[in-house]
Amino acid sequence: MKQIHLNLLLVAVAAGLFWLLVLDENKEEAKIAKAIERQPPLTTLDANAIRRIRLKNSASPDIVLEKSDYGWQMREPVAVAADLVQIGNLTALATLETRGSIDTKVAKRPDLGLDPARSTVLLDDIELGIGEIEPLKRTRYIELSPGSVNNRISLVDDFAPEVFDGEYTDLINKALLPFDAQIARIEVPGLVLARDTAGTGWTATPASALATPDAMDQLANAWRDVRALATVPPLTSASPTSKADVAVTLADGSRIGYKLIDKADSRFLQRLDVPVSYQFVPAEVARLLSLMPPPPAEEAEPEAEAAPEAAAP
């Protein structure tokens, strides 16, 4: 009889353990489903519909970017075409999935980097205060519409800080010329290429055996197509009135001059009218200077006449 009771007890224990395993498995599946479930976006904005962005940082001038018929343009602190990849990183803030939120009434905002915010991003009329990183889950604190009543602080997956850190050169387009540029004239040391009067080809001054019609077309295409590795602050002091090492004149009459600068294993073209330097591997700049005549060979110095032998005594 005791054996029967023992067997029943063992069966009951086994059944209990089985149901505990089932419950644990169900809980784990629920956790996984919750983890992969799409979370509410940070804002209700359509990232593709955003037309204007303003970046505010206390240590640098505001950066203003606007969408035009010709793509995104930087309006402040300089006027120049903007980098579409970096613009995409900024507009993507609007639709970031939130990973939780904190009531601003109980949050110590200075501890979160939000009093004041390290950076502020305005996407059209929606303002985002960018804070520090939550150390455990590596999420970033963002306050939507800072200062609003009953506001909350959202946590989102961290993202690269250079898109909003106040360095405007990071947001400049990596192309040397506007995408719709019509080149009228290219000046490199020792050579000038100009559109012919018919507008169908090029003339070289001075004439050169290297400057064939195909070679001149390839050079013009190189100026249109080349993209820098990076855009960085100016490496040397220069102004629009400085002498340019190379220059391109567009069909509308505007002239863009650059200084050539070699540093480490890179070659830079520093724009004279906008404070930015474009970083290249040397081979890419060589394409832009491919028809430049070689430097003149140095003339050999005449040998010194031999001193007369002393007369024998």
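Helices (H or I, at least four residues) and strands (E, at least two) are DSSP runs, numbered from the N terminus.

The structure is a predicted model, in which local features need pLDDT of at least 70 and side-chain atom pairs count only at pLDDT 80 or more, whereas totals for chains, interfaces and linings use all residues. Residues are numbered from 1 along each chain as its sequence is written, and side-chain values use heavy atoms, with hydrogens and water left out.

The protein chain contains four helices and 17 strands, and of its 313 residues 36% count as buried. Among the contacts (heavy atoms within 4.5 Å) in the protein chain with a separation of 6 or more, 56% are between residues 24 or more positions apart.

Helix 2 spans residues 84-91, of which Gln86, Ile87, Leu90 and Thr91 are buried. Viewed down the helix axis, the buried residues fall within an arc of 140°, so they line one face of helix 2; the arc is that of the directions from the helix axis to the C-beta atoms. An α-helix has 3.6 residues a turn, so residues three or four places apart point the same way. The buried residues of helix 2 pack against strand 1 (52-57), strand 2 (60-68), strand 3 (71-76) and strand 6 (119-123). At the N-terminal end, helix 2 is capped by Asp83, a side-chain oxygen of which lies 3.2 Å from the backbone nitrogen of Val85. Such a polar contact is a pair of N or O atoms within 3.5 Å; within protein, one must be able to donate a hydrogen and the other to accept it, and residues adjacent in sequence count only if both atoms are side-chain atoms. Ala92 is placed in the loop between helix 2 and strand 5 (98-103) and is partly exposed, with a relative accessible area of 33%. Ala92 and Asn48 are 44 residues apart in sequence, yet their C-alpha atoms are 9.1 Å apart in space.

The largest pocket holds about 650 Å³ of space. Of the 32 residues that line this pocket, Gln73, Ala81, Pro178, Phe179 and Asp180 are the closest to its centre. On a 1 Å grid over the protein atoms alone, a pocket is an open set of points with protein on both sides within 12 Å along at least five of seven lines, and lining residues have an atom within 4 Å of a point. The lining of the largest pocket draws at least two residues from each of strand 3, strand 4 (80-81) and strand 15 (255-263), with strand 3 supplying the largest share, four residues.

The bond from Glu76 to Pro77 has omega near 0°, and Pro77 is found in the loop between strand 3 and strand 4. The cis bond that joins Thr205 and Pro206 has omega of about -5°, and Pro206 lies in the loop between strand 12 (202-205) and helix 3 (213-225).

Positive phi values in residues other than glycine are found at Asp124, with phi near 55°, and at Arg138, also with phi near 55°. Asp124 is located in the loop between strand 6 and strand 7 (126-134) and is partly exposed at 26% relative accessible area. Arg138 is in the loop between strand 7 and strand 8 (139-144) and likewise counts as partly exposed, at 49% relative accessibility.

Thr231, in strand 13 (residues 230-232), is buried, with a relative accessible area of 4%. The side chain of Thr231 reaches the backbone oxygen of Thr169 at 2.5 Å. When residues up to four places away in sequence are not counted, Thr231 touches Thr169, Asp170, Ile172, Asn173, Lys174, Val276, Ser277 and Tyr278.

Notes: Buried < 20%, exposed > 50% of the residue type's maximum accessible area, 1.4 Å probe, protein only. 1 Å grid on protein atoms, 1.4 Å probe; cavity = no way out; pocket = protein on both sides within 12 Å on 5 of 7 lines; lining within 4 Å. Points joined across faces, edges and corners; volume = space filled by probe spheres on them.
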